[in-house]
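Here's a quick briefing to read alongside the model. Have the viewer open as you go.

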Amino acid sequence: KWNLLFGICQFGERQTVVMSLVSFFVLNPHGGVVIEKHFRGLLSRGILDYFLEEVRNAGDDYSTLPPVISSQKYYLINKYVNGIFFLGITSTEVSPLFVLEFLTSTIEIYKHYFGNVNEDIMKDNFVKAYFLLDELIDGGYPFNTETNILEEMIPLPSLLNKGKSILIGPGSGGMSAILPNGTLSATRWRRRGVKYTNNEIYLDIIEEIDAILESNGNIICSSVAGTVQVECNLSGDPDLTLKFANSQIFDDVSFHPCVRLNVFESERVVSFVPPDGKFRLMDYRSKGNIALPIEVRATITRGESMGNVRIELVNKHVVDKDIENVVLTIPFSKTITSSTLSSRTGNVIIDETTKESKWMFRSMPSGINPVLEGTFTYPPGSNPSSPELTLDFEIIMWAASGARVDTLTLYNETYSHFKGVRTITKGGRLQIRTEG
């Protein structure tokens with residue numbers, strides 16, 4: 001059973017680390033190194049030439065960059081975020097998902113500490129970024145990726161810490177001199193002696209619909225990618241059991257290391273001792289019959305030098321909740337010279353540089369179907385390709401997969417506590433093909 005959150009393979013109760021890194025880099029697309037860390041001796045920066053060559057071949061579209069690039073001796077595994085690449089280098093054949101999951105966890109921890117990640121933010125916080133990296137990975141192996149333990153060792157940035165860095169020097173006060181309680185606990189992800197006046201635990205089930213639709217509305221393929229986010233403010237050493245009313249809908253499940261995998265495999269319940277604070281409990285994918293809440297009726301026609309656009313959104317009423325934060329994106333071909341789009345519902349934003357248009361409104365209106373109409377022009381004979389539309393939306397208290405919590409039971413503690421569950425469905429990679 002693979003546990004992607006820690007880069008380990010678990011056989012029953014035995015866990016074996018199978019992911020190791022030789023080096024770690026954070027760099028920009030031009031090869032400028034922001035963060036550099038080596039775990040098995042010094043590796044020459046010449047290894048980056050293999051990676052930068054692929055970056056140049058990708059042009060401006062880094063989504064086409066292969067996630068795994070191989071050289072004669074090393075494998076370079078990368079993840080692109082906000083203008084910078086996080087690059088893990090390994091000399092052994094490992095599952096790329098392990099390294100990608102570690103890179104994702106690293107990025108999320110940097111976001112937790114710095115608010116976001118980009119080249120400027122990483123440069124402004126490079127001392128703390130190195131401190132965090134020393135705790136995240138030890139000798140090339142994942143070590144500590146729990147934010148509640150990291151915060152005890154490396155405090156979150158504050159005005160006091162920044163003032164101390166200015167007066168005393170960079171890195172002052174960056175590490176705690178006190179050994180974190182989590183290192184003395186039976187569960188490495190939870191610190192000892194946690195106490196709260198109000199004991200509460202909140203679960204957010206967040207799902208994203210991934211689908212490709214024909215211009216006539218027929219679904220080519222669809223699935224739901226879900227995650228369960230937890231905010232745990234429980235005292236002592238709580239032991240929780242989460243039971244879903246329909247756990248059979250889950251495919252490709254991955255868990256936080258706190259989950260007892262053998263219990264889930266035998267009983268289909270999630271049994272765990274939770275970390276303190278916020279964490280991601282599990283990820284899953286559901287491939288059953290997915291009901292799309294919005295139908296997109298798009299008609300795009302082209303003449304010799306001008307095209308017409310008409311897009312209608314229809315609420316299919318598969319759910320009695322409001323459909324909020326609707327955004328329809330139209331990525332026109334870069335060969336077009338201009339576009340003029342308008343609607344009585346919401347706002348239309350046109351980016352003349354990227355030729356991308358966004359139609360946005362706060363919620364789907366009741367009783368009418370929003371319509372977007374307009375034209376676009378292009379040089380005669382250029383024959384621009386038909387755009388593939390993408391749709392984003394958000395529905396609170398509705399799960400597209402039908403996932404539903406049956407019970408959340410607390411063991412090992414007797415105090416009264418509050419439990420809250422919320423479901424959110426969003427438009428993920430939802431693409432609508434058009435004909436022109």
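Buried here means under 20% relative accessible area, with exposed over 50% and partly exposed in between (1.4 Å probe, protein chains only). Strands (E, at least two residues) and helices (H or I, at least four) are DSSP runs, numbered from the N terminus. This is a predicted model, where local features need pLDDT of at least 70, side-chain atom pairs count only at pLDDT 80 or more, and totals for chains, interfaces and linings use all residues. Residues are numbered from 1 along each chain as its sequence is written, and side-chain values use heavy atoms, leaving out hydrogens and water.

**Confidence**
- Mean pLDDT (the predictor's confidence in each residue, from 0 to 100) is 85 for the chain, and 89% of the residues reach 70 or more.

**Strand β4**
- β4 (residues 23-27) has five of its five residues buried.
- S23, F25 and L27 are buried on one side, and F24 and V26 on the other.
- S23 has bridge partners in two strands: H38 in β5 and I89 in β8.

**The sheet**
- Five strands make an open antiparallel sheet, ordered β5-β4-β8-β7-β6 (pairing takes at least two DSSP bridges between two strands).
- β5 and β6 (68-70) each have a single partner strand, so one side of each lacks a neighbour in the sheet.
- β4 pairs with β5 (residues 33-38) over five bridges, and five bridges also join β4 to β8 (residues 84-90).
- In the β4-β5 hairpin, G31 takes a positive phi near 95°.
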